Each structure stands twice: as structure tokens, then as C-alpha cells.
Amino acid sequence: MLDPLAQIVTLLQPAAPFSKRASGAGRWHVRRTEVGRPFYCAILEGECRLAADGHDEIVLREGDFVLIPSAHNFTISSRRPTSAEDIVTTPIVLPDGDHRLGSPEESPDVRLLVGYCSFRSPDAALLSSLLPQLVHIRGINRLATLMQLVSDESRAQRPARDVVLERLLEVLLIETLRSSEQADTSPGLLRGLADKRLAIAIRRMHEHPERNWTVTQLASEATLSRSTFYERFGRAVGIAPMEYLLAWRMALAKDLLTKGKAKVAEVAERVGYSSASTFSVAFTRHIGLPPARYARNTSFDGVSQIEAGGSAEPGSIA
């Protein structure tokens, strides 16, 4: 049986090219504005607060890990209440390499590792839209072990430190995404897979994207009534079943076209379209380019496209 999350992670081609250690003392407040660049934060010691648009404020504690796959507007601040005067414009770099937020004289209230990931796939925007907007992990031993390794490596000056740290962060990212049943997630694929009934239907779509699925057939796979399945799927995944199926078909089609291993007619058949012309119309409407032109134009670096789309406000800690 195919693993939908593994398929999406494989297509995303995740990497963790940037991270830095930070510490906070006193009152401080940073706001980050990003479009499409995944952000992560690991709390190594102490506590701080995270407020992301569309979500309740979270108090982050030692051992917590937060991933925002498609970051928009969010704020990280000290546990103490803050005001406009506490906004950090430029973190202070301490002798030990930490980026200090707030007072450089006081003992730190929190130590954290922050950074951004890259999804090297040229289809990253579409694929990441299937993931939750925010994942908050707490109390999972495997993640705690990984975070301890990341913390130790980030403090040491061993040979190949940056290479090892990047690999550890990649594993941490994947482990976070697959910890869905124990995570506090917003609607998306992780929450859908955590629902055993919905997970069956999602796996069927991934196993056989070429089938002419209907909502009724998918509801039957999940052993739910059509109306219950439709409502439950939308609440958990955040989009309707047919919308999810279309997104997955287009992601597969873009991957096949980018690799150049199949002709348009073959791609159409493999993702569930009766003819190349029908597929071309749907692909053009969804992607904005005809399949053949898309295949010719996708010899670019997905990472640079993602990084070009993001911008950070003053005071960004990553």
C-alpha cells in the first residue's frame, strides 16, 4: 500500500539549508512575513510565545518543535508581555555565536534553533498546499532525541558540522511531518491521514490516480455515507475530495513532465484523463501553461524560485 505522505515528501525534495541558534532575554518581539518559505523552530531551553495568523497563540516550551510549511505572517515573542517598543530590528550576535533577542546583559529565558527549509521541487507550492499551515509537536521522544542531536551539533565546532546539521534537520523535518497522530495540526493531509476512515480513501487516490473516482466511490472505500464523507474530508483536509484528487493528479503530472520520462498522452493516461486533449485543457486551466510548454520550461532550480518569493521584515530571526 502506498504511503501518501511519503510520496509528497519525496516529490517535495526537502532540505534544510539554513539555521541559527538564538536566545531571548527580557522583553522582545519579532514578526516574520514570508510567502512560501517553510519555517521551523525548535525550543532547546525555556519558553516563548508563537502567534500565527489564523491560529490561537501557542506557548512554546522546551522540547517543542514547530513547522510552518508555507509561512505567512507570524510573531515570536518573549513569554513576558511586549509592546511596540520591544520589537527587535537587528538581533545582537554574541561571542558564542548566539543571536540575542532582547537584552544582551540578562540571562536568557529561552534558547531556540530557528531556520527555514527549502522544497527543491518546482511543484513545491502545489504540494505544500496539501500540508497543514502549522504543525506543533510536543512530547514525542524520537523528536526529542533528534533535537538533542541538533542542539549538540549546533554548539560544537566539529569537522563537517554544517553538513551533519543539515542532514539532521532534514530528518527532523520528515519526522515532524509523519508524527501526524500526535501533532497539533491545522487542516491538511496530516489530519486526514490521522482519521483511519479518511486515510483509506486518501490512499486509494494515491494508489490509483488513473481511476475515474467519484465522491460516492471514495465514501464507499471509507465505509461512510456520501454526505458524511464529504463533510468529514473537508473539515480534516481543508479542501473537498475532488479538489484534493485534482491537486494530486496535477502534482504527479508536473513531476512526470519535469522528468521528461513520458509523453503528454502517457501522462494523461497515468493521471486519469481519457485523452491528451482533455488533460491538456485541465492542466492549462490549473497550472497556467500547456503540458508540452511546461515540460520545456521547467529546467530551473526550485530552491531559487522559493527563495525569490520570500521576504522577511526587520527583526526576522531566520
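I checked for disulfides first, counting a pair of cysteine sulfur atoms within 2.5 Å. The structure holds zero. Cysteine 41 is in no disulfide, and the nearest cysteine sulfur, that of cysteine 48, is 5.5 Å away. Next I looked up burial (buried is under 20% relative accessible area, exposed over 50%, partly exposed in between; 1.4 Å probe, protein chains only). Cysteine 41 is buried at 1% relative accessibility. Cysteine 48 is buried too, at 0%.

A note on the source. This is a predicted model, where local features need pLDDT of at least 70 and side-chain atom pairs count only at pLDDT 80 or more, while totals for chains, interfaces and linings use all residues. Residues are numbered from 1 along each chain as its sequence is written, and side-chain values use heavy atoms, with hydrogens and water left out.

Then the overall picture. I took helices (H or I, at least four residues) and strands (E, at least two) as DSSP runs, numbered from the N terminus. The protein chain has 13 helices and eleven strands. Of its 318 residues, 51% count as buried. For contacts I used heavy atoms within 4.5 Å. Among contacts between residues at least 6 apart in sequence, 76% join residues at least 24 apart.

Cores came next. A nonpolar core here is a set of buried Ala, Val, Leu, Ile, Met, Phe, Trp, Tyr and Cys residues joined through side-chain atoms within 4.5 Å. The largest has 67 residues, and Phe229, Tyr244 and Phe279 have the most contacts inside it. Helix H9 (residues 241-259) gives the largest share of this core, ten residues. Apart from it lies another core, of 21 residues, among them Cys48 and Leu60.

Beyond four places in sequence, its contacts include Ile8, Leu130, Leu189, Ile202, Met205 and Phe233.

Which residues of H6 and H8 meet? Arg197, Leu198, Ala201, Ile202 and Met205 in H6 meet Phe229, Arg232, Phe233, Ala236 and Val237 in H8. For the geometry, axes are lines fitted to C-alpha atoms, for helices over the stretch in contact, and angles run from 0 to 180 degrees between N-to-C directions. H6 (residues 196-207) and H8 (residues 226-237) pack at about 85 degrees, axes 11 Å apart. H6 is therefore roughly perpendicular to H8; that label covers 65 to 115 degrees, with under 35 roughly parallel, over 145 roughly antiparallel and the rest oblique.

I repeated this for H9 and H11 (residues 276-287), whose axes come within 11 Å and cross at roughly 100 degrees. They are therefore also roughly perpendicular to each other. Leu246, Met250, Ala253, Lys254 and Leu257 in H9 meet Phe279, Ala282, Phe283, His286 and Ile287 in H11.

Two single residues close the entry. Isoleucine 68 lies in strand E5 (residues 65-68) and is buried at 4% relative accessibility. Isoleucine 68 and valine 135 are 67 residues apart in sequence, yet 6.3 Å apart in space, C-alpha to C-alpha. Threonine 223 sits in the loop between helix H7 (215-221) and H8. Its phi is near 50 degrees, a positive value in a residue other than glycine. Threonine 223 is exposed, with a relative accessible area of 55%.
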